[in-house]
Amino acid sequence: MDDVREVIIIGSGPAGLTAAIYTARANLRPLIIEGEPSSTSDQPGGQLMLTTDVENYPGFVEGIMGPDLMGRFRAQAERFGAEYLTEKATRVDFSEHPLRVWTGHPSGGETEHRAHAVIVATGARALMLGLEAENHLLGHGVSTCATCDGFFFRGQHIAVVGGGDSALEEATFLTKFAESVTIIHRRKELRASKIMQDRAFKNPKIRFLWDSVVTDIEGEGKVEGIKVKNILSGEETAVPVTGLFVAIGHVPNTDLFRDQLELGANGYLHTRDGSSYTDVEGVFACGDAQDHVYRQAITAAGTGCMAAIDAERWLEARGEAPSDIAETSTNW
Amino acid sequence: MAQSIVTLTDSTFDEEIKGSDEPVLVDFWAEWCGPCKMIAPVLEEIADDSVGKLRVGKINVDENLELARRFEVMSIPTLILFKDGEPQHRIIGAKGKGQLLQEIEAFL
């Protein structure tokens with residue numbers, strides 16, 4: 001049938017766009033459902049859209065800005081005929097073939113898309129603290145995007161919650177603007193890489209509050225301070241900051257697949273060892289949606305490539321791939 | 001940039017907003033803001049689609065810090081809809097076209 005595609009890719013971070021480059025070069029004419037603009041990592045381009053310098057992506061000696069890197073991925077796939085749909089996937093039905101994916105706006109109707117194979121690359125999103133005050137102060141001092149909002153905290157005292165690479169990267173970036181940055185971490189050791197730790201420890205504007213959690217955010221219309229509790233002593237103190245940046249980890253964007261695919265620990269998609277195969281025929285998973293161990297741009301790109309090759313071979317075995325596939329498949 | 005988008009500055013803002021017969025959707029943005037770049041084409045489409053009903057203006061916060069302060073912008077992109085010279089509705093953070101239109105519809 002004409003309106004059934006070979007491949008639909010859901011997600012457009014390093015995993016989804018690498019799968020797009022490979023499937024497009026294999027003449028599988030992928031449709032990439034890339035998501036909608038947003039100020040969270042749930043946007044076209046994914047988590048790297050909210051970062052500045054990416055220093056560990058191979059091939060970029062001087063580093064590259066996250067959004068620039070994703071722009072290059074996208075353009076590269078487009079060069080080989082990948083098509084993009086700037087909408088969010090709202091629903092999927094993988095119970096029969098062809099597989100079905102719906103997109104649409106909350107206001108308008110939904111559109112159905114059908115494909116023989118689907119590559120899931122929906123990534124992960126940043127966790128929030130889950131405090132009542134957090135929602136109404138978001139954008140008024142509480143931020144999920146240091147690169148967007150750091151500018152507004154020039155000369156101010158602010159806090160970053162978290163102890164991983166993204167927390168330390170944000171804190172270090174924010175010292176360009178802020179007078180001081182207090183990192184609040186629930187443990188005494190950081191999860192962040194050694195190089196990020198060294199940078200943070202050396203930065204005179206950064207101080208640490210160990211074994212501590214944020215219990216409340218104060219202020220009406222703007223952040224005026226936070227309450228921080230030491231989890232060992234139970235002691236609660238008020239910390240006068242005007243900005244709070246949250247970087248406490250990620251959860252996979254897999255809600256869409258809850259009743260459709262096997263989810264492993266913590267909601268990550270389960271893939272067969274050493275491959276991108278899920279428990280449903282024709283559905284392949286890659287990137288942070290299925291990786292709770294490495295979670296790097298390069299590993300996402302690597303698994304995106306695996307998913308593309310797995311999907312192509314699977315289609316070929318089923319006889320769904322275009323006739324010239326034998327020729328193009330040797331060109332990896 | 002679409003013809004229909006007006007660039008607003010600290011010195012032109014009041015005149016442009018107060019003198020406008022139509023509501024004005026003002027986008028506070030900056031060059032270094034990824035989500036701002038993502039919604040730029042969406043705003044161009046909205047501006048082109050809404051000629052005669054709505055105007056779209058852009059304020060670069062790097063160059064016009066006074067306006068950002070005056071409207072207490074602490075996160076970008078921030079969109080503020082002005083009607084009869086007064087701010088009516090504020091949208092913080094990037095959103096898709098459908099969602100943006102839904103939020104401003106009531107004010108047009």
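What pattern does chain B follow when read along the sequence? Keep that in mind for the first view; everything here comes from a predicted model.

**View 1. Chain B, from one end of its sequence to the other.** Read along the sequence, chain B goes β-α-β-α-β-α-β-β-α. That comes to four helices and five strands. With a radius of gyration of 12 Å, close to the 13 Å that the globule rule gives for 108 residues, chain B is as compact as a globular protein of that length.

**View 2. Inside chain B.** Of the 108 residues in chain B, 44% are buried. Take the contacts in chain B with a separation of 6 or more: 73% of them come from residues 24 or more positions apart.

**View 3. Where chain A touches chain B.** Chain A brings 23 residues to this contact, and chain B brings 19 residues. On the chain A side, the largest share is three residues from helix H4 (residues 146-149) of chain A. Sorted by class, that side of chain A has ten nonpolar, eleven polar and two charged residues.

View 4. Helix H5 (residues 165-174) of chain A has eight of its ten residues buried, so it is largely enclosed by the rest of the structure. Among the buried ones are Ser166(A), Leu168(A), Glu169(A), Glu170(A) and Leu174(A). So what covers the buried residues of H5(A)? The cover includes H4, strand E11 (157-161), strand E12 (180-184), helix H6 (194-202), strand E13 (206-209) and strand E17 (243-246) of chain A.

How values were computed: Residues are numbered from 1 along each chain as its sequence is written. Chains are lettered from A and ligands numbered from 1 in the order in which they are written. This is a predicted model: local features need pLDDT of at least 70, side-chain atom pairs count only at pLDDT 80 or more; totals for chains, interfaces and linings use all residues. Two residues are in contact if their C-beta atoms, placed from the backbone, lie within 7 Å. Helices (H or I, at least four residues) and strands (E, at least two) are DSSP runs, numbered from the N terminus. Ala, Val, Leu, Ile, Met, Phe, Trp, Tyr, Cys and Pro count as nonpolar, Asp, Glu, Lys and Arg as charged, and the others, Gly among them, as polar. The radius of gyration is taken over C-alpha atoms; the globule rule is 2.2 Å times the number of residues to the power 0.38. A residue is buried if 20 or more other C-beta atoms lie within 10 Å of its own, exposed if 12 or fewer, and partly exposed in between; C-beta atoms are placed from the backbone.
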